[in-house]
Amino acid sequence: MKDVRKQRLLARIVSKPTTLLAPAGFWLLLFFIIPLGVMVVYSFMPRGIYGGVEPGFTLEHYLRFLDPLYLTILLRTVLMAAGCTAVCLLLGYPVAFAISRARRWKHILLLLVIMPFWTSFLVRTFAMIFLMRDTGLINTTLMRIGVITEPIVMLYTPFAVMVGLVYTFLPFMILPIYASLERLPNSILEAAEVLGAKPAARFRRIILPLSGPGVVAGSLLVFVPALGSFIPSDLLGGAKQMLIGNLVQNQFGAARNWPFGSAASFVVMGVVLIGVLVYLRSGRGEVTTALQDAG
Amino acid sequence: MEFRGVSKTFGNTRAVTSLSLQIPPGEFFSLLGPSGCGKTTTLRLLAGLEEPDRDGGAIFIDGVPVTDRRPYERDLSMVFQHYALFPHLSVARNVAFGLEQRSVPAAERVRRVRDTLALVRLDPGQFGNRMPSELSGGQRQRVALARALVIKPSILLLDEPLGAIDLKLRKQMQLELKALNRTLGITFVYVTHDQEEALTLSDRIAVMDQGRVIQIGAPAEIYECPRSAFVAEFIGESNFLSGIAREERDGLWTIGGNELEFQIPAQPGIGTGSPINVAVRPEWLRVCPPGQASHEANRIPATVREVVYLGETLQVVAEVTATRQTMRVTVPNEGQLKNPIVWNPGDEVVLTWLPGDCQVLQEGVS
């Protein structure tokens with residue numbers, strides 16, 4: 001009897017797979033949508049003296065963003081995230097291509113790409129301090145072999161933040177590009193070659209357009225979290241390199257200004273949304289057809 | 001086009017072993033064999049997609065050695081097994097690809113794309129702007145063909161191009177390919193595992209097995225004079241008989257052994273005591289009642305085991321009484337409803353054929 005019921009339930013799920021969205025949907029509702037709603041409300045309320053909010057309605061937290069101080073932080077964040085995305089693309093694409101064409105080493109190389117995830121992100125970022133500080137591994141080595149006499153100042157510069165961001169997000173660029181290149185059959189490249197396409201032409205006319213969806217996905221996966229990240233800039237950038245992530249963290253933490261922190265979060269979300277829409281629209285034709293053909 | 005002693009080794013396996021063959025311009029040449037026989041590797045060597053072993057073998061096109069040339073430096077084109085169309089380019093852009101790589105001016109490019117699409121019977125106006133994903137298998141095949149032909153290569157390589165389309169369309173495409181070969185004057189090198197397709201299309205066929213060419217010849221030579229049991233069995237069906245040459249009389253050798261006797265025409269290289277292997281095509285055998293006289297000298301008593309209906313023909317499967325081996329006889333179908341065949345399983349019969357219909361194999365029965 002029970003078995004029959006179980007079978008029926010399974011049959012219903014299989015015939016209507018959207019029911020499978022329910023558990024994750026419930027989770028997101030509880031821990032994402034509802035808190036987000038709370039934040040929307042908070043961002044329009046006056047600040048409480050000891051944290052929290054007081055009843056009322058105000059736009060002051062959003063208007064505060066027009067202050068050049070915060071606009072600078074916002075601009076710096078966008079530039080940093082965009083730069084990180086560009087560097088990840090330049091570094092990650094060749095890696096993804098090489099892995100997709102590797103035969104025997106493919107799985108080991110993929111493992112190496114995701115290996116950094118095995119240790120804590122925080123620990124890895126701390127390790128970079130030891131590499132980059134004035135008495136760190138890089139400077140002492142360079143000084144010992146006589147390339148430089150004075151240590152190169154790397155820590156607490158935008159360079160250090162960029163290194164940290166790129167290191168953190170590079171795998172998120174490599175994996176989607178790899179996935180799109182992996183599906184590209186060799187016979188298509190061979191057809192291009194027989195038809196007269198030299199290596200550069202094959203890359204420009206065939207490989208690059210067909211890996212477009214992977215590039216788009218990778219860029220989004222890097223750009224969006226880079227925009228909200230705060231640990232690399234906090235640990236490697238010092239106070240001078242504050243990004244919007246640090247601002248938000250600060251407002252919810254030390255500054256006890258929850259409404260302003262909420263408003264800052266929504267400004268970031270707005271920037272992300274606009275950026276993503278512009279990006280997707282600019283390459284829509286190619287991307288959607290490439291996606292269709294791949295599917 | 002010529003291969004001179006070319007080999008190709010992948011790891012520990014030899015895909016192609018010291019292959020030598022010549023193909024004159026304009027010929028429709030087929031490489032035929034079971035999967036893994038090296039036919040596709042041979043084609044890819046010719047295309048330059050595989051590099052031959054460095055052991056002195058060389059490939060020539062129009063008398064010029066091309067062994068060290070990249071595919072895009074060889075004057076040839078290729079139709080791939082699964083079309084390998086560029087999924088992100090429209091039909092017209094796919095076909096134009098080779099012309100763009102050769103920097104053909106835009107106006108000429110447009111004209112040649114249109115003409116070539118028309119040549120493969122695709123309406124340029126209707127199909128030019130479609131994406132490959134919007135086409136049927138047969139249409140994709142035509143686009144792949146147009147893309148390869150538009151650059152006017154001197155050699156067109158085709159790797160099982162009709163493998164993925166249905167039988168009726170395949171027959172039609174075969175005729176079109178043959179016509180294109182004749183009208184364009186391009187050498188076609190065609191890889192297939194389908195013996196019927198090879199016989200239909202080719203001027204000459206190379207039958208390959210285990211990386212070697214077993215026999216090269218016109219379709220009729222391959223079918224009617226197979227030199228080995230492999231060829232006799234791979235191309236069409238064959239019944240195999242073996243024995244020892246006993247004596248020659250009136251231009252016929254009597255072959256005996258295995259408790260049955262048959263005759264073959266005298267030919268050089270046979271002496272008393274030579275082991276002889278022959279193949280007899282099922283359609284050259286006849287089934288007769290035991291007592292009936294026949295002008296056909298070879299007669300073997302057998303028992304009918306099965307009668308198989310094949311449509312245009314019937315096949316009688318019989319067991320030879322003396323050796324218990326199975327022989328197949330193809331009989332024309334004269335209409336089973338009006339004029340049914342008289343044989344039933346269990347009937348005692350005699351299988352007869354002419355000595356001249358024995359194909360003497362130069363290599364042993366495998």
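This is a predicted model: local features need pLDDT of at least 70, side-chain atom pairs count only at pLDDT 80 or more; totals for chains, interfaces and linings use all residues.

User: Where does B:Q210 lie?

Analyst: B:Q210 is in the loop between β9 (204-209) and β10 of chain B. Its phi is near 50°, a positive value in a residue other than glycine.

User: Is B:E160 buried or exposed?

Analyst: Buried: B:E160 has 20 other C-beta atoms within 10 Å, and 20 or more is the cut-off for that class.

User: OK, on to the sheet around there. What's the strand order in the 6-stranded one?

Analyst: The order is β6-β7-β8-β3-β9-β10 in chain B, an open sheet with mixed pairing. Its edge strands are β6 (76-79) and β10 (212-217), each pairing on one side only. Neighbouring strands are turned by 20° against each other on average, direction ignored.

User: How many bridges join β6(B) to β7(B)?

Analyst: There are 4, and the two strands run parallel, with β7(B) covering residues 155-159. B:S77 stands opposite B:L156 in β7(B).

User: Which strand pairs with β7(B) over 5 bridges?

Analyst: That's β8(B), residues 187-192, again in the parallel sense. B:D159 stands opposite B:V191 in β8(B). The chain gets from β7(B) to β8(B) through helix α6 of chain B (residues 167-184), and this β-α-β crossover is right-handed.

User: Why do you call β7(B) largely enclosed by the rest of the structure?

Analyst: Because 5 of the 5 residues of β7(B) are buried.

User: Which way do they point?

Analyst: B:I155, B:L157 and B:D159 point one way from β7(B), while B:L156 and B:L158 point the other way. In a regular strand the side chains alternate between the two faces of the sheet.

User: Changing topic: which residues of α3(B) are buried?

Analyst: B:R112, B:V113, B:T116 and B:L117 are the buried residues of α3(B). They cover an arc of only 130° around the axis, which puts them on the same side of α3(B).

User: What's exposed on the other side of α3(B)?

Analyst: B:A107, B:E108, B:R111 and B:A118 are exposed there.

User: And what do the buried residues of α3(B) pack against?

Analyst: They pack against three helices of chain B, namely α2 (91-101), α4 (124-127) and α5 (137-149).

User: How does the span of α3(B) compare with what you'd expect?

Analyst: It agrees: at 1.5 Å a residue, the 14 residues of α3(B), 106-119, should span 20 Å, and the end C-alpha atoms are 20 Å apart. After α3(B) comes B:R121, which has a positive phi near 65°.

User: What about the other chain? How many residues of chain B are in contact with chain A?

Analyst: 20 residues of chain B are in contact with 20 residues of chain A. β6 and α2 of chain B each supply at least two residues of the side that touches chain A. The largest share of that side comes from α2(B), with 3 residues.

User: There's another sheet with 5 strands, what's its order?

Analyst: β15-β19-β16-β17-β18 in chain B, an open sheet with antiparallel pairing. β15 (286-288) and β18 (326-332) are its edge strands, and each pairs on one side only. The twist averages 45° from one strand to the next.

User: How is β17(B) joined to β18(B)?

Analyst: By 7 bridges, with β17(B) (residues 313-320) and β18(B) running antiparallel. The bridge partner of B:Q315 in β18(B) is B:T330.

Definitions and conventions:
Residues are numbered from 1 along each chain as its sequence is written. Chains are lettered from A and ligands numbered from 1 in the order in which they are written. Two strands pair if DSSP finds at least two bridges between them. Axes are lines fitted to C-alpha atoms, for helices over the stretch in contact, and angles run from 0 to 180 degrees between N-to-C directions. A residue is buried if 20 or more other C-beta atoms lie within 10 Å of its own, exposed if 12 or fewer, and partly exposed in between; C-beta atoms are placed from the backbone. A crossover is right-handed if, with the strands pointing away from the viewer, the path from the first strand over the helix to the second runs clockwise. The expected span of a helix is 1.5 Å times one less than its number of residues. The arc is that of the directions from the helix axis to the C-beta atoms. Two residues are in contact if their C-beta atoms, placed from the backbone, lie within 7 Å.
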